Amino acid sequence: MSSHTSPYSRVTRRETHSPRSALAIVLAVLLIIVAAWVGTEIVLALLALPALLVAPVDMFASTLGVLEQPAQYVGPAGVVVAIIGLILLIAGLAPGRRSRHVLRSSRTATVADNAVIASALARHAALAGHVSPDNVTVSVSHRRADVHLVPASGVPVDKASIEAAVTQQLEQYELTPRVTAKVRVAENGKVGA
């Protein structure tokens, strides 16, 4: 059993967590563009040709002269750069999550998309509430399922039975991470629903 656990855990992790390749590619392209521009400016300066945007000597002199600039400009610019750096650091270290959950299975790795889970919960909520499936909307997030039900006008709906049905379904799925349900029944019904 332990020989199957490791490959399955790797597969489920790969399917439920988002890679950071898109962010890495964007940053790499930006760095390549900046490096190509700086390299072009240096070559143009060595050939004694006019600069495209800024001559390398002026670029380095202005970088060294930043401390001589008024603090009202340098301070906010430093804060913006620090915030961008912090966002990139958090994006690089925090795990990205896909909208999927792992269903417990002893023989295989089973991963379900949140939309599939929401569709199944909507069907069970509609059956428990005796309403049309079109009158039930469900959204599933990382740890919560929000069920919104609009009853037919004049027909009472038992919220407790809907909550029990949805909770029972979630317990049967044995999702990882665990999902809890919140059921809301609209106060105003729909005519002819």
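In which order do the three strands of the open sheet stand, and is the pairing parallel or antiparallel?

Author: This is a predicted model, in which local features need pLDDT of at least 70 and side-chain atom pairs count only at pLDDT 80 or more, while totals for chains, interfaces and linings use all residues. Residues are numbered from 1 along each chain as its sequence is written, and side-chain values use heavy atoms, with hydrogens and water left out.

The three strands stand in the order β4-β3-β7, and the pairing is antiparallel. Strands here are DSSP runs of E with at least two residues, and helices are runs of H or I with at least four, numbered from the N terminus; two strands pair if DSSP finds at least two bridges between them. β4 (110-113) and β7 (175-176) are the edge strands, each with a single partner, so one side of each has no neighbour in the sheet. Strand β3 (residues 100-103) is joined to β4 by four bridges. Within this pair, H101 has A112 of β4 as its bridge partner.

Apart from neighbours within four places in sequence, V136 is in contact (heavy atoms within 4.5 Å) with A122, A125, A126, V131, V147, H148 and L149.

Helix α2 (residues 21-46) holds E41, which counts as buried because its relative accessibility is 0%. Buried means under 20% relative accessible area, exposed over 50%, and partly exposed in between, with a 1.4 Å probe and protein chains only. Leaving aside neighbours within four places in sequence, E41 is in contact with A51, L52, L53, V54 and P56.

L27 also lies in α2, but this residue counts as partly exposed because its relative accessibility is 31%. L27 belongs to a nonpolar surface patch of about 540 Å², together with L23, V26, L30, V80, I84 and L88. α2 and α4 (71-93) each supply at least two residues of this patch, and α2 gives the most, with four.

Definitions and conventions
Patch = residues over 30% accessible without salt bridge, like charges linked within 9 Å, V, L, I, M, F, W, Y side chains within 5 Å. Areas by Shrake-Rupley, 256 points an atom, 1.4 Å probe, with all protein chains shown as cover. Salt bridge = Lys/Arg side-chain N within 4 Å of Asp/Glu carboxyl O.
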